[in-house]
Every structure is written in structure tokens, then in C-alpha cells.
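I opened a new notebook page for this chain. The entries below follow the order in which I looked things up.

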Amino acid sequence: MPKLREKIENWANDYTLKRKLQVLYVFCILTPLFLTDGMILRNMMRSEQKRQQYEMQRVADAVSYHLSNRVEYAASMAKEIYLNREIERFLNTQFTSGLDFFVQKQEFLKDTLFESSIGIDGTRLTMYADNGTIINGGEFCRLSSVENTEWYRTFWDSGQDTRLLFSYDGAVPAGCAERKMLFLRKMDYFRKNESKKFVKIEIDYSSIVRDMEYMNYEMPVYLCKDGRTLLSNDGHNSMRRDFEKFDAAGRIGYQKEITLYGEVMQICVLKTPSGILSNLREHLGQILLLGMLNIIFPYFLMRLIDQSIAERIRELGQAFESVEEDRLVEIPHVRGRDEIGGLMLNYNRMVRRTNDLIQTVYKDKLREQEIDIARQNAELLALHSQINPHFLFNALESIRMHSLLKQEYETADMVERLTVMERQNVDWGTDQIEIKKEMEFVEAYLGLQKYRFGDKLSYELDVEPECALVKLPKLTIVTFVENACVHGIESKTSQGWIFVRVYREGDALCIEIEDTGGGMEEEKLEELRERVAHVSIDKLKEKGRVGVLNACLRLKMVTDGAAQVTIESEKDVGAMVQIRLPYDRLAGI
């Protein structure tokens with residue numbers, strides 16, 4: 001995140017003030033304006049869509065409810081006929097003549113009051129029976145008169161007792177064909193499978209069409225079956241024409257499927273133009289006016305600010321660029337009382353003051369820097385000289401202990417390892433050394449300590465290949481390894497291990513020195529952490545673990561204080577030191 005911010009700042013610093021104001025105008029005025037208006041418009045459109053969806057669903061439910069009521073009314077009428085014993089008796093009567101049929105029909109209608117219920121709500125009722133003595137006409141007909149019609153075959157072949165059908169018979173004489181909405185029911189309640197009888201109720205198709213049109217729905221509604229329009233409030237309802245093909249499938253906004261007595265139909269509600277868009281078109285002039293106020297006015301204001309600020313800053317920049325012979329030039333004409341005007345006035349004061357002091361202050365500063373560099377070099381040499389006898393003493397002590405206890409020729413090998421150490425130790429031509437060279441020194445030191453501790457000491461070294469050529473201050477890692485031997489392994493009676501790991505983790509070079517020695521108590525651990533965190537030249541003069549502090553100070557000096565040293569320890573378990581250094585900075589040494 002800091003690197004990204006730094007890149008953005010560098011990118012911004014490379015652009016002129018005019019370009020920055022343009023970016024500010026685009027991202028702080030235009031973009032929020034478009035985003036805000038876009039979100040508002042999007043929310044309004046989504047709200048309008050939800051409203052339309054709810055309205056379409058409500059319309060579909062209303063049409064379904066109205067249609068179901070009309071069909072159920074016809075179904076209840078058919079059920080009454082289905083359960084009427086007198087009608088069953090009349091249809092099964094064998095009449096002697098046409099006159100006999102006519103007389104008994106009149107008596108039947110008069111006695112049963114059946115005629116008074118026929119024709120209510122525009123419905124037409126006809127009963128058909130497989131009875132050759134019935135005279136066709138009125139409410140009773142022979143079954144043979146309709147056996148060849150499509151609607152009859154569809155009903156009887158379905159095997160259903162009740163059926164709703166939409167029918168258009170184009171085979172009848174011209175001018176007589178019309179659309180029909182039929183409710184059919186078999187009449188076999190009293191005598192199953194003895195003879196074919198059924199009742200046909202023609203629901204008034206035109207009245208249902210008028211009802212849909214009079215409901216004044218805001219959107220077109222279609223009742224469809226098998227891709228054809230049965231009913232609609234948008235035309236397509238001609239009684240004398242076959243059902244038309246439904247060609248508005250792409251405009252369906254809501255569809256509901258209903259099944260009424262075996263007839264599967266779809267109620268399709270079509271989409272209508274969005275109210276939001278129509279309102280926007282109606283108020284286009286006002287929207288354009290607001291756009292001009294919100295866009296054009298801030299643009300001219302931005303241009304005015306650019307002229308007020310950029311021109312004077314340009315003069316200030318030219319004044320800085322006109323330095324000749326180590327002298328600054330004053331701005332001849334200072335304009336304005338704002339911050340830039342004050343900056344120009346203060347610049348002129350600075351120029352006059354700087355021109356008076358530049359010689360003496362500049363020279364004194366150079367001299368001070370030279371003194372500071374010399375002081376740092378002296379401190380570094382002091383640190384170098386402090387390390388040499390420290391390691392030499394420990395190495396010689398190991399040789400002495402081996403000679404006293406073992407009296408073997410292996411001393412020659414120890415001396416060879418000591419030679420490797422001393423050659424590295426006394427060569428102070430440079431304080432920087434590659435990690436692989438430092439690890440050779442560490443291995444020589446641990447090999448030497450192996451003679452001292454025997455099987456009590458084991459160690460393992462692991463360096464990632466990409467870290468091998470990175471340079472560190474000399475004798476850095478071995479200082480912590482020596483500390484692990486003396487204060488860790490030596491204080492433990494059982495076998496101990498020392499692990500040294502060098503690897504890269506992101507932008508950091510990580511060095512870990514871990515031992516399974518005696519560890520430290522919490523109080524001593526906190527004291528050591530405090531000394532490492534605030535290490536300085538003065539701290540090295542105090543008593544204690546000078547070698548560790550020495551290494552920490554040199555690492556912080558070479559990384560400008562960026563080195564992080566973490567120490568963890570537990571009594572009788574061991575200790576671990578982790579050092580995190582900026583990889584890029586060390587790779588550039």
C-alpha cells in the first residue's frame with residue numbers, strides 16, 4: 001500500500017497544475033455526478049420495473065380470477081343438470097312422434113321450471129343424447145348432430161367427464177362460423193355406460209372480451225393456448241375469424257399458466273414503455289439545463305482557478321530556475337493576497353536572506369558533514385577492533401580445552417579451522433561480506449566448537465541460493481552463533497542443536513539462529529530485548545552481551561535503522577533470534 005501511494009504521488013508530481021485541475025474536475029465533479037445520477041436513475045428504473053412486475057402479476061391474477069368465475073358458474077350449472085333425475089328421465093324417453101316430443105318437452109319445461117334458468121348471463125345450454133326420437137332444436141338435440149364436429153371428438157376422446165374448450169368451426173356455412181367457449185360434461189350419473197349423453201354450455205365469448213376491455217388494464221393482456229390468442233384486451237377478438245397466432249412472445253413481461261377443466265392456458269401480460277424514460281423525455285429541457293449548471297459552470301470556474309494559481313506558480317518556478325552563480329533571483333512583481341501571494345513574498349525574503357548566508361552556511365555545512373563522516377568511520381573501526389579479540393579468545397580456549405582433555409593429533413584440524421577464522425577476522429579491508437563467505441566462517445566456527453562439545457553439539461545450516469551473494473556486515477551471523485554456543489549449548493547437560501537459516505520472505509531477507517540450549521529467564525530476556533532495541537555506541541561501553549549488541553548496531557547502521565531483531569527464549573527449552581533486513585537495500589551494497 002505505501003508503494004502504491006508513492007507511485008500515485010510520483011505520477012501526480014509529474015503533471016502540470018492545469019492537468020491536475022482537469023483530473024480533479026473529471027474525478028471529483030463529472031464522475032460523482034454521473035455515478036450519482038446513474039445510481040438514482042438505476043434505482044428509479046428498478047423500482048419502476050418492480051412496480052410494473054407487481055402490476056402485471058395483479059392483472060394476470062385478476063384475469064385468472066374473472067375467467068375462473070365464469071367457468072365455475074358454467075360448471076355449477078352443468079352439475080345441477082348432471083344430478084337432475086327428471087332431465088335424465090326425459091332424455092331417455094322414447095317419443096312416438098315429433099308431436100309427442102314437443103308436447104312432453106313443453107310439460108317438462110313448465111313443471112321443472114328449467115326454462116327460467118336457461119340463458120342467464122348470456123350462456124346457451126344444449127343437452128345431447130343418443131336418442132333418435134329427440135327432435136333437434138332448442139335445448140335438446142340428438143348426439144348424431146354433432147358427432148362429426150372437432151370439439152366433440154376432442155371432448156369424447158379425452159376420456160374426461162368435464163372439459164373446457166375453445167372452439168372455432170370453420171366448416172359450417174359461411175357467415176355462421178364463430179369462436180366459442182364451451183363447457184362440456186357427460187351425463188352418466190344415473191346410468192353408467194348405457195347411452196351417451198352430455199350437456200354443452202356455451203359461455204358468452206363476447207361478454208368475456210368486453211369485460212377484459214372494460215377493466216382498462218394499463219398493459220396488454222393475452223389469454224393464449226398452443227401459440228394462439230384466445231382472448232385479449234388489445235384487439236384480436238373477432239368472433240368470425242379463427243384464433244390468431246400469438247406473435248408478441250418477445251414482449252412478455254409476466255406469464256401465468258392456468259388449467260381449467262383440462263384446458264391448459266397461459267395468461268401473458270406484455271411489457272409497456274417505462275414510465276421513467278417517458279418522464280425523462282418530457283423533462284429533457286430541464287435535465288439539459290441542470291447538466292449545464294452542474295458541468296459547464298464548474299468547468300469555467302476550474303479554468304479561472306487555473307489561471308489564478310498556475311500562472312503565478314509558473315513565475316515562482318521560473319524564479320527558482322534562474323539561479324546564477326549560486327545566487328537566487330527575486331520575483332519582481334508579487335500579485336495577490338492569497339497563499340500563493342504570501343508564498344511569493346516569503347520567497348523574496350528567503351532570497352535576500354539566503355544570498356547573505358549562503359557562503360558561510362554552505363561551507364560550514366560541508367565541514368560539519370566531513371566531521372560526521374570521520375566520526376562514523378572511527379566508530380566503525382572501534383566496533384571492528386572490539387570483535388577481534390572476542391572471537392580469538394573463544395577459539396584459543398577451545399584449543400586449550402581439547403589439548404588438555406584429548407591430547408590427539410586432531411588439534412591440527414582445529415588449528416586449520418582457527419586459521420580460516422582468523423584470516424576472515426583480521427581482514428578489515430571492507431566491512432561487507434557475501435553471506436556464503438560468512439556461512440563458511442560460521443561452519444568453521446561450529447566445527448571448531450564440535451571438538452569442544454563433542455556429541456553434545458549438533459548443527460544444521462540452510463541458505464537459499466538467491467540469498468548466497470547478498471552482502472552483510474562481516475562477522476554478523478557468527479556473533480549470534482557464538483552466543484548460542486556459549487550461552488545456550490554450554491549451559492545444557494544434554495545434547496543440543498544449533499540451526500542457522502537464511503531465506504527471503506517477500507521484500508525481507510530473514511536470518512534465523514535457533515538453539516535448543518538452556519534458554520533465558522523472562523527477566524533477562526526482556527532486558528536483552530530492551531538493549532537491542534535501543535543499541536548505540538554508548539550502550540556498548542556497558543557490561544553484558546557486547547557481541548550481540550555490536551552485531552545489531554552494525555546491521556542497523558548499514559540499513560539506516562531498518563533492521564528488525566526479534567529474540568524469543570524459554571528457560572530449559574532454547575532460544576531463537578530472527579533478523580529481518582530490507583532485501584533490496586542489501587542487494588545494492
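Before the helices, I noted a rule for handedness: a crossing is left-handed if the near helix is turned anticlockwise from the far one by less than a right angle, and right-handed if clockwise. I work from a predicted model, where local features need pLDDT of at least 70, side-chain atom pairs count only at pLDDT 80 or more, and totals for chains, interfaces and linings use all residues. Residues are numbered from 1 along each chain as its sequence is written, and side-chain values use heavy atoms, with hydrogens and water left out.

Entry: a helix pair.
I looked up α13 (residues 522–533) and α15 (residues 546–558), whose axes come within 9 Å and cross at roughly 35°. Axes here are lines fitted to C-alpha atoms, for helices over the stretch in contact, with angles from 0 to 180 degrees between N-to-C directions. The crossing of α13 and α15 is right-handed. R531, V532 and A533 in α13 meet V548, L549, C552 and K556 in α15; contact means heavy atoms within 4.5 Å.

Entry: the whole chain.
I found 16 helices and 16 strands. Helices (H or I, at least four residues) and strands (E, at least two) are DSSP runs, numbered from the N terminus. Of the 589 residues in the chain, 39% are buried. Buried means under 20% relative accessible area, exposed over 50%, and partly exposed in between (1.4 Å probe, protein chains only). Of the contacts with a separation of 6 or more, 65% are between residues 24 or more positions apart. The accessible surface comes to about 34400 Å², and 53% of that belongs to carbon and sulfur atoms. Accessible areas come from the Shrake-Rupley method with a 1.4 Å probe; for residues, only the protein chains shown count as cover.

Entry: salt bridges.
I used this rule: a side-chain nitrogen of Lys or Arg within 4 Å of a carboxyl oxygen of Asp or Glu. By this rule the count is 18 salt bridges. In one of them, R124 pairs with E178, the closest N and O atoms being 3.4 Å apart. R124 lies in strand β1 (residues 124–129) and E178 in the loop between β3 (162–168) and β4 (179–186), so the pair ties together parts 54 residues apart in sequence. R124 is partly exposed at 47%, while E178 is buried at 15%.

I then checked E202 and K200, whose side chains meet at 3.1 Å, N to O. E202 is buried at 10%, and K200 is buried at 6%.

E512 bridges to R501, with closest N and O atoms 3.0 Å apart. E512 is in strand β14 (residues 508–515) and R501 in strand β13 (residues 496–505), 11 residues apart. Salt bridges that share partners join R124, E178, K180, K200 and E202 into one network.

Entry: L164.
Is L164 buried or exposed? L164 is buried, with a relative accessible area of 0%, and lies in strand β3. Its C-alpha atom is 6.4 Å from that of L184, 20 residues apart along the chain. Leaving aside neighbours within four places in sequence, L164 is in contact with residues including V71, I203, L260 and M265.

Entry: a surface patch.
M292, I296, Y299 and F300 make a nonpolar patch of about 390 Å². Patches are made of residues with over 30% relative accessible area and no salt bridge; like charges are joined within 9 Å, nonpolar side chains (Val, Leu, Ile, Met, Phe, Trp, Tyr) within 5 Å. Y299 is in helix α8 (residues 284–321) and counts as partly exposed at 31%.
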